[in-house]
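The following paragraphs lead the reader through a protein structure, from the contact between two chains to the parts within them. Please keep the sequence and the structure in view while reading.

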Amino acid sequence: MTRWVGNRLPRREDARMLRGAGRFTDDVAAPHAYHVAFVRSPVAAGTITHLDVEEARGMPGVVDVVTSADLGHPGLVAALEREEFVETTMPLLAHDRVRYAGEPIVAVVAEDRYAAEDAADAVEVDIDEVPAVTSLAGAAGHLPPLHEEAPDGVLVDLEMFSDDLIDEVLDQAPLLLEETFRSGRVHASPMEPRTCLAEWVDRDEQLVLTLSTQVPHQVRTGVAQALGLAERKVRVIAPDVGGGFGVKCVVGREEVVVAAIAARMRHGVRWAEDRQEHLTAAFHGREQEYVVRAGFDEDGHILGLRADISCNIGAYSAYPFSCGVEPLMAASELPGVYKVPRYAARARGVATNKPPTAPYRGVSRPQIVMVMEGLMDKAAARLGIDRFEIRRRNTIADEDFPYLGVNGITYEPGSYLEALEKCLAATRAAGWWEQRDRTDDGLVRGIGIANFNERTAYGTATMGMRKMQMTPGFEVAHIKMDASGDVVVTSGTCGHGQGHETTFAQLVADRLGISPDRVKLRQGDTDLTSFGWGTFGSRSLVIGGGSAAVAARRLADQVREVAAEMLEADPTDIDLVDGNAEVRGTPQARISIAEVAATVHYRSHTLTHREEHLLEARGTADPSGMFSNACHAALVEIDPGTGDVQVLDYIVVEDCGVVVNPTIVEGQVRGGVAQGIAAALYEELAYSAEGQPLAGTFMDYLVPTATEIPPVAVHHLETPCDQTETGAKGMGEGGSIGAPATILSALNDALRHHTETPGTERQYADLQHLPVTPAELLSILGAAPSRQETT
Amino acid sequence: MKDQHLVTLTVNGRAHELVVESRKTLADVLRQDLGLTGTHLGCEHGICGACTVLIDGEPARACLVFGVQADGREVRTVESLADGDELNDLQQAFSKHHGLQCGFCTPGFLMLAEAYLSTDPDPDREEVREVVSANLCRCTGYQGIVDAVCEVAQDRRRAGHA
């Protein structure tokens, strides 16, 4: 009997992509659709004093020029149901104030994109510019406030896990670390920018919006609310989606504007942004600061942790999750894999004159891992304890599970210490330590580690604690077997590179005893699937796949029942094996599943108990959320002559429970690591003090190429999860969560190893920010004499 | 008045006569006028390489070439690689080594690699990394792409020298 879960099944998605036959939004033909180009604010802050669209209206090919007033000033409101949250509105088009450079003000509609862009240049916008606030430091007391509703610029301010004794404990700790960690503003930047096509279809009384999104149903809700339509009147279709990583798991104002124009004109309208628009006007992420106090005893045990966390959320709260996403995640989950006995956190979301932020792959976990691993490395160095040993002493051990953390979270079994040891062993086997200690070529090398967990597949119970007005969590899958014995599964998740068409088919095939070739996943269409939350937060395989597995199990019961009648056996004695239903112990008594299916469809009169007719089932899943874990290690090399860093080698030991398809898991890990290395060494959306974006193309925003990303060895551990039908845990984000901390750890190890004489104080501060540039490394290495020079 | 030109170009072995506005990019001509939507636009600045096609056998960014500049030229796009449903060796290797996830950048990498492989290289891994660093991928971390190109280079040499 073939078992498909665990199999390196080649991806079902690949052939069409490789033939150029993928169908992305901009590939969907709509020959007569108009094209939209947006007129965007050239300045970061100010008030619109004059808007003249008349010249643009008269330009060749122009069909309409649309302002906020033309649409009735609609907006998107993201809300948290918390007193500490200030609700603000993001207008679809700016009409009085502008709050970031790149904010859309006018939509020009023309016969083609070239004409639309020409006419956009002819729109006159006068703005009375005021000073911009771009940094967290500048936000307090800035006038005028970005939003009148929040005079201090803070849109969310959370005090969590208050502890009256914590300061006393920290003040008396044998080692008190008071540290600041920062991470730069970065961009998910999938290779397909945002794009959409909206058409009104009279026959169905529907606005059909085809777009590149991770969350079709949430887009439907956003569009329906903004335009005042019943949800059935909006159909959202996500065809092939060219990557997302979070920037497409929220609703873009431009997409709603295009929908509004199509509804108004009763004509097809499309929009495709170029990379400059994407970098400067789509959602950003990760600009955060952590001011922490951490106490340790002489043996390196952490005694307490207090964190003051600030997130630069940009100008608006993104719909639907709100700007609470980053602060809430950071404050809730900072302690990570460590046994922290006392903990308190304050987390704020601060508005600035930059584009709004969205959840980006990992959401605050890259930063909290950077903070915890940075503290461990620093405490180890200060106390003279080995870096691995201090982690052993603080990590939640096997006998501690289930472990109730100081943050109120119960951690179910993982392999935290096993991953650490296995990773350390792999670095030794690879000869890293000898390489690090080379002194013959003048290059400086270091080894970094990060051991961490990540909560994945948050269900409604856990998401409900965040108090979002829109609370995601569950999925509902449907499954139907057709008369030929093939199966179609639908899910509200919306894969876009994660290989769901393959992994879902593996889960379903095992339960039905058929080949995965006979299972087709359909997704990304609000009319085709049940309401669901989409693909983000490492949830899809666990919740979407889990619900599909439940549906498949129920369908298998139906197949067994019919087969039992046809074979004159008991349903509990029927096995579904390799396309056949057979009587256990009497395999010659068998019938093909295709024949069962044909009988149910075409000859149901021959069956006695067929009140339901047809072979269809439904399954749901809504786990509370489970922790995957991993240990990363990197070997880096710094050229002290240039400050250039090469990541030479990279090892990941990961545990995501039952692995459905190892190839796909490894691909997710490697891609995530690449994004984490990028955030550590290359990418930053820099802004001038006036709020002008300084990275508008891939020449300034340095997405790494093949020469910057090393091979990544991936080792698997499997601690099955008992919350789900499949035993799987989520794993889409872990690579990008662990890599920034690992690279920082490696750089600090390199600098420490190169410049420090054991037993003496360091001459420079540890690197505790992202990204680290060659110029910084050059100045550090230039200023600090090397150990070779001093001895 | 639009500045229109009559151009003749051969795409994937078929000759086309088209009336093309002078400023229309080759990428838009391929996608909109010829329906060859496998050529994707990732940046429109000539940097990411998703729109890479072959013009007279040489890789080019279709977003930086005007359609009129392709007049009289032979253009090959990703749609030329497979024989019906039968993927060529390079396409098969990309799948085998998981060199694609979302698939958006993939046509550009395939055409870049196709041009490189046509030079009959005998590469080491570092050379292949250098070559494919011309294009950007956001999903894979490049490992599978490099593995695939290395394998096909070796296989084609072996077959060529057999």
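Two residues are said to be in contact if their C-beta atoms, placed from the backbone, lie within 7 Å. The model is predicted, so local features need pLDDT of at least 70 and side-chain atom pairs count only at pLDDT 80 or more, while totals for chains, interfaces and linings use all residues. Residues are numbered from 1 along each chain as its sequence is written, and chains are lettered from A and ligands numbered from 1 in the order in which they are written.

The contact between the chains takes 42 residues from chain A and 44 residues from chain B. On the side of chain B that touches chain A, the elements giving two or more residues are helix H2 (89-96), helix H3 (106-117), helix H4 (125-132) and helix H5 (143-161) of chain B. Helices (H or I, at least four residues) and strands (E, at least two) are DSSP runs, numbered from the N terminus. H5(B) supplies the largest share of this side, four residues. By class, this side of chain B holds 21 nonpolar, 17 polar and six charged residues; Ala, Val, Leu, Ile, Met, Phe, Trp, Tyr, Cys and Pro count as nonpolar, Asp, Glu, Lys and Arg as charged, and the others, Gly among them, as polar.

We now turn to chain B itself. Chain B contains five helices and five strands, which follow the pattern β-β-α-β-β-β-α-α-α-α along the sequence. The radius of gyration of chain B is 16 Å, close to the 15 Å that the globule rule gives for 162 residues, so chain B is as compact as a globular protein of that length. This radius is taken over C-alpha atoms, and the rule is 2.2 Å times the number of residues to the power 0.38.

The domain assignment, which is automatic or from a database, divides chain B into domain 1 (4-80) and domain 2 (89-161). Their centres, taken over C-alpha atoms, are separated by 22 Å. In chain B, 15 residues of domain 1 are in contact with 13 residues of domain 2. Strand S3 (52-55) and strand S4 (58-61) of chain B each supply at least two residues of the side of domain 1 that touches domain 2, and S3(B) gives the most, with three residues.

S20(A) and strand S28 (residues 626-638) of chain A pair in the antiparallel sense over 13 bridges.

Key. Pairing = 2+ DSSP bridges.
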